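Open the model in your viewer and keep the sequence panel beside it. The tour below goes from one selection to the next and says what is found at each stop.

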Amino acid sequence: MKNAGIPEAEFNALREKMNAFIYDELIPLEKEQGLTPETCFSREQLEEIWKRSYELGIYGCNLPAEFGGLGLSISQLCILKEDATRSNAALYGCVLGENGGPMRIGYILNQATEGQLEEYFIPTAQGKRAGCFALTEPQAGSDATRIQTAAVKDGDDYILNGHKRFITASRTADYAIIMAVTDPEAGTDGVTAFLVDAASEGYQIAGEYLPMSGQHIDNDIYLKDVRVPACNILGGLGNGFKLGMNRININRLLQCPTMLGHAQFTYDRAVDYANRREQFGRPIANFQAIQHMLADMKTALFACRSMIEAAAAKADRGEDIRSEASMCKVFVAENAFQIADKSVQIHGSVGLTQSDPVEWVFRRLRMFRVLTGSSEVQRNTIAKGINKGWQKAQAPVKGQ
């Protein structure tokens, strides 16, 4: 289905409003309260930003109009995501709702029943509730077919048992979309998605992991005899794996403007530092070694942005972007990290200091070469697309 988004003038006004909110309200608030990306934010702190963003008409703007959003195109959403990340605000992820908000649900709204919309997703779009997506397990990461979490029918309910690992935003979520096996003999057609309330008996959050970015974002979910009504099945019995995989393609693409925003921030800092820092009586920006690094950084930014724009445009035309999303993910992840690496080099000892934001972004960008499918997994997907395309080209044409 094609998605033209909103008119350019309306989008530009939204973009201006979002940036004003970030730079005039959010960043001053963070400085006043001493908040950093490594702060362990409470649910109350997050919810305050969600609700303020919603009041301004920003939070949930990616959603279709019938669900209270503005119906942005993927291309428009990519621009906003880059802007938000480029600000380097500690709470940038709350502005558009990445931390358990509307960015986490997206197209899944089309799979929800009226009851599910009313109880879970509409409140999420309004900043009143938060959710998380729970697919990964100790033995089911890149190989999602190895899901062990089981859901056994018991009357009008299902009983869930299992362990979900590294689940982003689970600590502050009101509910989780849990992938569980309902038919062990049906392979991927035996996986079902369930909406599970975090307040359910037997639902436990544990195992906080502190990644190299220092962010308090991932936890485990343990499910022990959690009773879930059958009406909480999302997208139909046995359709969970397809639902999860369809979400992943768009999600991979939407990770790219986040990486790009981080990289753009480190480039901006490098240009400013190189023109202010003097050695041997002149700014280091006058030295060819520094100029070449900046030139490479700017070239990589242009290449990354061009790839994202092309893939997003294809998604907005309703075309399959499985290969393009993977190509963007691997290229942007690796090049964004290299841009941050060069920024650290230009900053010298300052860039190695943990109090400097460039050092933090360097650590953050290193993670993206693993998150949402490692670079190796992306290359596997790209290679499969190449082989599939070749086989299709060799197939005889009907009538010949």
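Select strand E7, residues 218-229, and find Asp-225 within it. Strands (E, at least two residues) and helices (H or I, at least four) are DSSP runs numbered from the N terminus. This is a predicted model, in which local features need pLDDT of at least 70, side-chain atom pairs count only at pLDDT 80 or more, and totals for chains, interfaces and linings use all residues. Residues are numbered from 1 along each chain as its sequence is written, and side-chain values use heavy atoms, with hydrogens and water left out.

Asp-225 has a phi near 50 degrees, a positive value in a residue other than glycine. Its relative accessibility is 48%, so Asp-225 counts as partly exposed. Buried means under 20% relative accessible area, exposed means over 50%, and partly exposed lies in between (1.4 Å probe, protein chains only).

Next, go to strand E3, residues 157-168, and pick Phe-166. Here too phi is positive in a residue other than glycine, near 55 degrees for Phe-166. The relative accessible area of Phe-166 is 39%, which means partly exposed.

Now select residues 10-128. UniProt, in an unreviewed entry, annotates this span as "domain: Acyl-CoA dehydrogenase/oxidase N-terminal". UniProt positions are in the numbering used here, feature names are shortened, and annotations may be inferred rather than shown by experiment. The span is 59% helix and 0% strand, and its end C-alpha atoms lie 26 Å apart.

Show helix H1 (residues 8-33) together with helix H2 (residues 43-55): their axes come within 12 Å and cross at roughly 165 degrees. Axes are lines fitted to C-alpha atoms, for helices over the stretch in contact, and angles run from 0 to 180 degrees between N-to-C directions. H1 and H2 are therefore roughly antiparallel. Angles under 35 degrees count as roughly parallel, over 145 as roughly antiparallel, 65 to 115 as roughly perpendicular and the rest as oblique.

Move to helix H3, residues 74-86. From first C-alpha to last, its 13 residues reach 18 Å, close to the 18 Å expected at 1.5 Å a residue. The expected span is 1.5 Å times one less than the number of residues. Because 10 of the 13 residues are buried, H3 is largely enclosed by the rest of the structure. Among the buried residues of H3 are Ile-74, Leu-77, Lys-81 and Asp-83.

Pick out helix H7, residues 240-276, whose 37 residues should span 54 Å and whose end C-alpha atoms are 54 Å apart, in agreement. H7 is mostly covered, with 27 of its 37 residues buried.

The crossing of H7 and H9 is left-handed.

Finish at Met-327 in H9. Met-327 is partly exposed, with a relative accessible area of 33%. The C-alpha atoms of Met-327 and Ser-306 are 12 Å apart, with the two residues 21 residues apart along the chain.

Key:
Left-handed = near helix turned anticlockwise from the far one by under 90°.
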